[in-house]
There are 2 protein chains.
Amino acid sequence: MKDFFKVKTLEQVLGYTSDFPVVGTEEIALNQSLGRIIAADIISDQDLPDFPRATMDGYAMKASSTFGASEGNPAYLTVKGSIQMGESPNFAVHPGEAAKISTGGMLPQGADSVLMVEHSEAIDDNSIEIYKSVAPGQHVILAGEDIQRNEIMISRGRLIRPQEIGLLAAFGIQSIKIFKRPVIGIISTGDEIVPIDQTPGQGKIRDVNSYTLASLIEKSGGIPLTFGIIKDSYDALFRQCESAIKTTDMVLVSGGSSVGMRDFTTDVLSSLPDSKILVHGISISPGKPTILANVQNKAFWGMPGHVTSAMVVFEAVVRHFIDHVRGYLAEKISSYKISARLSRNVVSANGRTDFVRVKLIEKDGVMWAEPILSKSGLINSMVKADGLVEIDINAEGLNKDDKIQVALL
Amino acid sequence: MKDFFKVKTLEQVLGYTSDFPVVGTEEIALNQSLGRIIAADIISDQDLPDFPRATMDGYAMKASSTFGASEGNPAYLTVKGSIQMGESPNFAVHPGEAAKISTGGMLPQGADSVLMVEHSEAIDDNSIEIYKSVAPGQHVILAGEDIQRNEIMISRGRLIRPQEIGLLAAFGIQSIKIFKRPVIGIISTGDEIVPIDQTPGQGKIRDVNSYTLASLIEKSGGIPLTFGIIKDSYDALFRQCESAIKTTDMVLVSGGSSVGMRDFTTDVLSSLPDSKILVHGISISPGKPTILANVQNKAFWGMPGHVTSAMVVFEAVVRHFIDHVRGYLAEKISSYKISARLSRNVVSANGRTDFVRVKLIEKDGVMWAEPILSKSGLINSMVKADGLVEIDINAEGLNKDDKIQVALL
């Protein structure tokens with residue numbers, strides 16, 4: 001039996017992710033960092049906020065001055081002054097005293113809470129009556145309540161979202177250490193493939209995979225680097241692979257779905273210096289004829305030639321390797337799925353993890369996943385699809401109305 | 001009663017989206033178009049593929065030549081030749097004949113199907129026996145099976161994903177007409193706000209909102225344009241707003257959570273030439289003190305000053321206006337949510353749509369949403385959060401174990 005038939009399970013293949021090193025780091029301006037991955041824990045160097053602030057318009061006071069106050073039994077307080085926004089009050093508040101304050105204003109010495117302006121009435125310029133008691137800390141953000149000094153604010157491996165950028169801005173951090181975007185090479189192979197700016201002659205097709213794979217790499221936080229189209233020649237492919245590995249962190253060789261081409265890609269991958277074939281076929285559908293080699297500690301993939309198969313393999317397998325290599329630790333995030341009900345039965349072979357393309361349709365408040373059953377060479381089926389449903393290796397299919405989880409495409 | 005208290009519901013506010021015009025269009029290179037929005041239907045100018053292709057390695061033949069073939073009763077076929085990849089076969093296949101073909105190869109005249117190589121055995125150089133029958137069209141992609149000529153391949157308003165790029169590449173389309181990214185101005189206001197590169201004195205804080213809002217705009221497909229910090233002065237804010245509206249498609253004025261500042265922002269917005277206040281308060285929490293004006297047919301927002309409130313208002317309200325203005329029609333996509341169970345009771349006021357920040361935690365295969373109950377001025381609560389749960393305006397809260405939908409942050 002040929003090597004080709006010794007397929008590995010999806011789980012076994014994903015077990016190889018940690019064989020590959022994480023990329024290096026770089027410094028980047030905060031306002032350029034959206035979607036990047038933090039490369040070192042970020043520790044707070046002060047309390048946030050570093051002074052107590054009002055979160056409502058009203059009066060700052062000691063909570064104890066308000067105890068027992070109600071509509072029927074108002075308390076009377078002396079207004080000591082008014083706090084200007086952005087200024088440090090130059091007076092303190094004692095029992096029985098209050099200070100006028102706006103949202104965001106700094107509490108004066110002695111005050112521990114803010115009473116909303118709606119619960120008070122001015123008697124004259126210097127006194128108010130209040131109809132409600134407040135608790136200590138009410139309508140106030142205390143110093144250090146958001147973040148305390150010497151706290152890990154954001155840990156290594158976290159994705160930078162708008163809120164992480166906001167937190168860093170609050171600390172005046174203008175540039176941060178992040179992981180580099182991994183550079184991922186794409187080599188297209190096949191005598192029948194022509195560049196997209198050419199009109200393919202009879203029997204030839206345009207190089208679609210270079211475009212879909214480059215976009216998937218971009219979407220996954222990598223930098224795609226396309227090496228053009230290699231004709232079916234061992235020497236040409238060997239030279240291109242040898243060259244690609246020098247300038248990239250990972251390489252995808254696309255094409256070669258035929259048994260001949262696959263053997264050929266395997267021969268090249270195993271002949272590269274310092275290389276080892278790890279996977280020669282995965283028990284998934286579509287996408288079985290996928291090859292993974294470790295070449296000089298970089299993941300080198302032989303991707304299926306059918307465009308849909310290549311996309312599914314990318315989503316189900318390659319993306320996890322990119323996440324690992326780019327230092328992303330919150331793996332949970334990338335696995336969030338949409339719940340839906342299956343609109344019809346789907347058959348699957350036991351011993352194989354099937355990926356079914358589905359269209360999501362909301363009807364009467366229920367999200368339905370409608371399987372798109374089409375040949376894996378058809379790109380239009382991916383255009384129609386909103387997501388992928390994974391059918392477990394031990395399942396023989398799914399039934400109509402089954403609750404399923406959809407990974408968005 | 002003040003204008004401020006005439007709040008509108010979330011639904012009423014979202015009803016204003018169509019008041020604002022969609023941005024103009026531009027032409028962009030295909031490999032730069034990921035995440036952009038198609039501005040005109042794209043019609044196919046030919047069949048895809050434009051010739052019938054094999055999807056397996058094997059033999060091309062007329063299906064009728066195989067009828068009745070089985071292990072016990074093989075059929076015998078004459079091998080007419082071998083088809084080279086990327087070439088148009090120079091011979092036809094008649095009944096009783098076959099041609100060797102690889103995946104992706106062009107079917108010869110007369111052939112309508114491919115028999116997998118596994119189901120055949122070579123007898124000599126010119127003949128095979130086959131153990132299985134094939135159906136017409138089996139293991140073949142027919143001409144036009146993916147896309148037919150004159151079909152709308154991708155319609156106006158669709159998001160460009162890797163698969164759309166692949167489909168366009170297949171047709172040799174190297175540049176496409178897309179909607180421009182809307183330019184969205186951010187004006188920060190407040191005497192207490194300092195630029196992030198300054199050390200704030202006592203009572204002052206750094207300009208966090210400009211950073212979170214810019215990142216949210218970027219994430220939503222817009223181009224953020226920050227206009228710096230305006231001190232609490234009517235004239236300065238008026239001048240800055242008047243100038244911002246000239247170079248942008250939408251403006252967010254951030255800050256001004258205090259009643260005084262809010263009145264002040266309202267005065268400025270209503271005094272701008274050709275302006276009308278549409279919304280003065282929304283019945284959502286957090287985010288009630290939000291203002292929307294139509295200024296010269298552009299949406300002009302007075303956003304709440306608290307960082308968390310501003311982010312929630314952006315996600316729940318502003319983003320839908322950006323989607324409309326950038327021409328995005330597949331509104332369904334942006335509303336996909338994650339199903340989870342609530343880990344504890346949450347109280348909500350009737351007559352108000354509440355947005356609760358939650359952390360998602362997977363435990364024993366169940367996704368739990370853990371509410372983060374914290375003051376809306378705390379950015380760290382957004383850093384801890386994975387998503388937002390919306391509590392309906394007519395609900396008085398949610399119970400522990402309730403099934404809920406989480407919009408990812």
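Visitor: What makes the crossing of α2(A) and α3(B) right-handed?
Guide: This is a predicted model, so keep that in mind throughout. The right-handed label applies if the near helix is turned clockwise from the far one by less than a right angle, and the crossing of α2(A) and α3(B) is right-handed.

Visitor: And why are α2(A) and α3(B) called roughly antiparallel?
Guide: Their axes cross at roughly 160° and come within 8 Å. Angles over 145 degrees count as roughly antiparallel, so α2(A) and α3(B) get that name.

Visitor: Which residues of α2(A) and α3(B) meet?
Guide: From α2(A) come Pro162(A), Gln163(A), Ile165(A), Gly166(A), Ala169(A) and Ala170(A). They meet Val208(B), Tyr211(B), Thr212(B), Ser215(B), Leu216(B) and Lys219(B) of α3(B). Sorted by class, that contact has seven nonpolar, four polar and one charged residues.

Visitor: How many residues does each chain bring to the contact of chain A with chain B?
Guide: 72 residues come from chain B and 72 residues from chain A. On the chain B side, the elements that give two or more residues include α2, α3, α5, α6 and α8, along with the strands β15 and β22. That side of chain B splits into 31 nonpolar, 24 polar and 17 charged residues.

Visitor: Staying in chain B, how do you know whether α3(B) and α6(B) are roughly parallel or roughly antiparallel?
Guide: Check the angle: their axes cross at roughly 20° and come within 10 Å. Anything under 35 degrees counts as roughly parallel, so α3(B) is roughly parallel to α6(B). As for hand, α3(B) passes α6(B) in a right-handed crossing.

Visitor: Which residues make the contact of α3(B) with α6(B)?
Guide: On α3(B), you'll find Val208(B), Asn209(B), Thr212(B), Leu213(B) and Leu216(B). On α6(B), look for Val307(B), Ala310(B), Met311(B) and Phe314(B). Seven of these are nonpolar, two polar and none charged.

Visitor: How do you know whether chain A is spread out or a compact globule?
Guide: Chain A holds eight helices and 28 strands. Its radius of gyration is 31 Å, whereas the globule rule gives 22 Å for 409 residues, so chain A is more spread out than a compact globule. The C-alpha trace spans about 95 × 50 × 40 Å along its principal axes.

Visitor: Which domains does chain A have?
Guide: The domain assignment gives domain 1 (3-24 + 180-333), domain 2 (27-48 + 148-179), domain 3 (53-141) and domain 4 (336-408). Between the C-alpha centres of domain 2 and domain 3 of chain A there are 35 Å.

Visitor: Is the peptide bond from Ser285(B) to Pro286(B) cis or trans?
Guide: That bond is cis, with omega near -5°. Pro286(B) lies in the loop between β19 and β20 of chain B. In chain A, a cis peptide bond joins Ser285(A) and Pro286(A), with omega about -5°, and Pro286(A) sits in the loop between β19 and β20 of chain A.

Conventions. Residues are numbered from 1 along each chain as its sequence is written. Chains are lettered from A and ligands numbered from 1 in the order in which they are written. This is a predicted model: local features need pLDDT of at least 70, side-chain atom pairs count only at pLDDT 80 or more; totals for chains, interfaces and linings use all residues. Domain bounds come from an automatic or database domain assignment. Two residues are in contact if their C-beta atoms, placed from the backbone, lie within 7 Å. Helices (H or I, at least four residues) and strands (E, at least two) are DSSP runs, numbered from the N terminus. Ala, Val, Leu, Ile, Met, Phe, Trp, Tyr, Cys and Pro count as nonpolar, Asp, Glu, Lys and Arg as charged, and the others, Gly among them, as polar. Axes are lines fitted to C-alpha atoms, for helices over the stretch in contact, and angles run from 0 to 180 degrees between N-to-C directions. Angles under 35 degrees count as roughly parallel, over 145 as roughly antiparallel, 65 to 115 as roughly perpendicular and the rest as oblique. The radius of gyration is taken over C-alpha atoms; the globule rule is 2.2 Å times the number of residues to the power 0.38.
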